[in-house]
Amino acid sequence: MITIDKLQKSYGKLQVLDNVNTSIRTGKVTVLIGPNGSGKSTLIKCILGLVKPSSGDIKVNDVSVSSNYNYRKDIGYVPQYGHFPENLLVKDVFNLVLNLRNGTGHPSYGIDKPFDLTTELKKKIYSLSGGTRQKLSANLAFMFNPQIYICDEPTAGLDPIAARTFKQYIQQMREEDKTILLSSHVLSEVEHFADDIIFICEGRLKYNGPLTELKIQTNESTLEDSIAKLME
Amino acid sequence: MFKLINKITFYGIKDLLRSRWIIVYFIVLCMITEGMFRFSGHSLKALSGMVSVTIFLVPLISIIFATIYYYNSRNFIELMLTQPISRKSVYIGLVSGLSFSLSLCFIFAISIPVLWRFSMLSGYWNILFLLIFIGVMLTLTFICLAFWVSISNEDKGRGLGISLLLWLTMAVVYDGLVLMVVILFQDYPLEKPMIVLMFSNPIDLARVLILLKIDVSALLGYTGAVFKSFFSSNFAQITSLLSLVAWVLFPFYFSMKKFKKIDF
Ligand SMILES: Nc1ncnc2c1ncn2[C@@H]1O[C@H](COP(=O)(O)OP(=O)(O)OP(=O)(O)O)[C@@H](O)[C@H]1O
Ligand SMILES: [Mg+2]
């Protein structure tokens, strides 16, 4: 369970997150949606500890993230833009992360799950295509079989087959009762596995609750139509 | 935590040794030292030549190198911070990797030409050790200052500019200002203010400390006299050595605090 309590974040004068209160349920898929620049990535980075909140508190399994870093061993994170040392080979990145994590996990473990990267291992990071980078991020997130998955537009750069593979993995993780937080702009593709929806607009929560309830509340049959109605 | 810091440190050293620039730094420094000994023909003269290099070149290279290194490591940093690793470990690992590499580079570049002429140096060993100590301290100070600048500025160009300005101020402009103070206030007793001014700039401190051992006449006139009487006590010498160490620790600590707060 991830609980977010009165979270505020501003960059200088720009208020990016404004009093965000929510919780992400264990064993469920929570989909984070909102227009460009609404604060989705910022919220996710706050949970990861990459961005420091201006005020408020975030707890992952009852541990406050501000005073701790160990909670990240339970989290697999797929960033919107993966950052890797550009001069390393793909296989070096796997080894590096493995090494930093004290080698808990098998070296070949991350290389074919969810994507088969065996043919890319000897390529330098800077020479990777955008989609392959995204795949590398995904594989690193899945490598340690974490309890929590946090994915920021994970399918954005992927080809349709790869995107499908990824969604199948998410579905599988859901069946294994993992906690999943996913941001996406493609509402139709997240609809069939979303349990909860967080809809954020200009840093404020516009809706926060189960998908089924959202549909009832807006009296619409699809997520897309429900969101459109909320935006009116 | 220490194991992790070591890993990051070693990773950094491995990464740095692959970069051409650190090799270039080593070779250039080594050649300068060799040249000083070869052409001055006198150990003491060579050593005072090395003082200028240590006082000007070493801080400049350290601050530029460390600034560029930080910005180039940002991806690596971000990757580490998504893992169960504390910011403190990441910071200490990065700084120590860079510190080891640049310090060893300096120590070897100075020592190798000296070892050829082992006998020539008899009597000057204490100066050589002081020189190496000062060089290493300045290296560390300017690495930490570089980190402070680059952590505070997201933009690489801006960070590099500020680092250069900082070096220019401390290495060149500061002296001019001190001289102005001396001229403007020559009718007043200046001993204490001068000593305070000197302690507030590690480059000045380092220079005075070593020139007093080598060539007092280089510290001209009034200031020279002030420092000479001040540094004649053991207490003052130890205080200044400790101050050089403090000039490493404070920037190190403040950059770390900053590093813990910034957004990635
Ligand atoms: N480092 C930063 N400095 C200043 N402003 C920032 C920074 N990072 C993000 N912002 C601003 O914060 C706001 C929210 O950005 P964020 O990346 O969280 O949006 P998002 O919802 O993920 O958008 P997208 O759907 O385009 O990915 C934007 O206005 C953005 O310009
Ligand atoms: Mg985003």
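Predicted model: local features only at pLDDT ≥ 70, side-chain atom pairs only at ≥ 80, totals over all residues.
Residues are numbered from 1 along each chain as its sequence is written, chains are lettered from A and ligands numbered from 1 in the order in which they are written, and side-chain values use heavy atoms, with hydrogens and water left out.

Q: Which residues coordinate the magnesium ion (ligand 2), and at what distances?
A: Donors are N, O and S atoms within 2.8 Å of the metal (3.2 Å for Na, K and Ca), and because water is not among the atoms, sites may look incomplete. With that caution, the ion is coordinated by the OG atom of Ser41(A) and the OE1 atom of Gln80(A), at 1.9 to 2.2 Å.

Q: How many residues apart are Ser41(A) and Gln80(A), and where does each one lie?
A: Helices (H or I, at least four residues) and strands (E, at least two) are DSSP runs, numbered from the N terminus. Ser41(A) sits in helix H1 (residues 40–48) of chain A, whereas Gln80(A) belongs to the loop between strand S6 (75–78) and helix H2 (90–100) of chain A. The pair thus links distant parts of the chain, being 39 residues apart.

Q: Is Ser41(A) buried or exposed?
A: Buried means under 20% relative accessible area, exposed over 50%, and partly exposed in between, using a 1.4 Å probe and protein chains only. Since the relative accessible area of Ser41(A) is 19%, this residue is buried.

Q: Which class of accessibility does Gln80(A) fall into?
A: Gln80(A) also has a polar side-chain atom 2.9 Å from an oxygen atom of ligand 1. Because its relative accessibility is 24%, Gln80(A) counts as partly exposed.

Q: Which element gives the most residues to the shell around ligand 1?
A: A residue is near a molecule if one of its heavy atoms lies within 4 Å of it, and 14 residues surround ligand 1, the closest being Gly37(A), Lys40(A), Ser41(A), Thr42(A) and His185(A). Strand S2 (14–24) and H1 of chain A each supply at least two residues of this shell. The element that gives the most, with three residues, is H1(A).

Q: How much of the accessible area of ligand 1 does the protein cover?
A: Backbone N or O atoms approach oxygen atoms of ligand 1 from Gly37(A), at 2.8 Å, and from Gly39(A), at 3.0 Å. Accessible areas come from the Shrake-Rupley method with a 1.4 Å probe, and for residues only the protein chains shown count as cover. Of the 640 Å² that ligand 1 has on its own, the protein covers 64%.

Q: Which residues touch the most other members of the largest nonpolar core?
A: A nonpolar core is a set of buried Ala, Val, Leu, Ile, Met, Phe, Trp, Tyr and Cys residues joined through side-chain atoms within 4.5 Å. The largest one has 132 residues, and the members touching the most others are Ile150(A) and Phe147(B).

Q: Which helix gives the most to this core?
A: In soluble globular proteins, nonpolar side chains tend to be buried together. Here 17 residues of the core come from one element of chain B, the helix that gives the most, namely H6 (residues 125–152).

Q: Which residues does Thr132(A) touch beyond four places in sequence?
A: Thr132(A) is part of helix H3 (residues 130–142) of chain A, and its relative accessibility of 13% means that it counts as buried. Taking contact to mean heavy atoms within 4.5 Å, and not counting residues up to four places away, Thr132(A) touches Leu117(A) and Glu120(A).

Q: At what distance does the side chain of Asn201(B) reach the backbone nitrogen of Ile203(B)?
A: Asn201(B) lies in the loop between helix H8 (191–199) and helix H9 (202–214) of chain B, where it is buried because its relative accessible area is 1%. Leaving aside neighbours within four places in sequence, Asn201(B) is in contact with Met170(B), Tyr174(B) and Trp247(B). Its side chain reaches the backbone nitrogen of Ile203(B) at 3.0 Å.

Q: Near what value is phi of Asp62(A)?
A: Asp62(A) is in the loop between strand S4 (55–60) and strand S5 (63–64) of chain A, and it counts as exposed because its relative accessibility is 69%. Its phi is positive, in a residue other than glycine, and is near 70 degrees.

Definitions and conventions: Polar contact = N/O pair within 3.5 Å; in protein donor to acceptor, adjacent residues only side chain to side chain.
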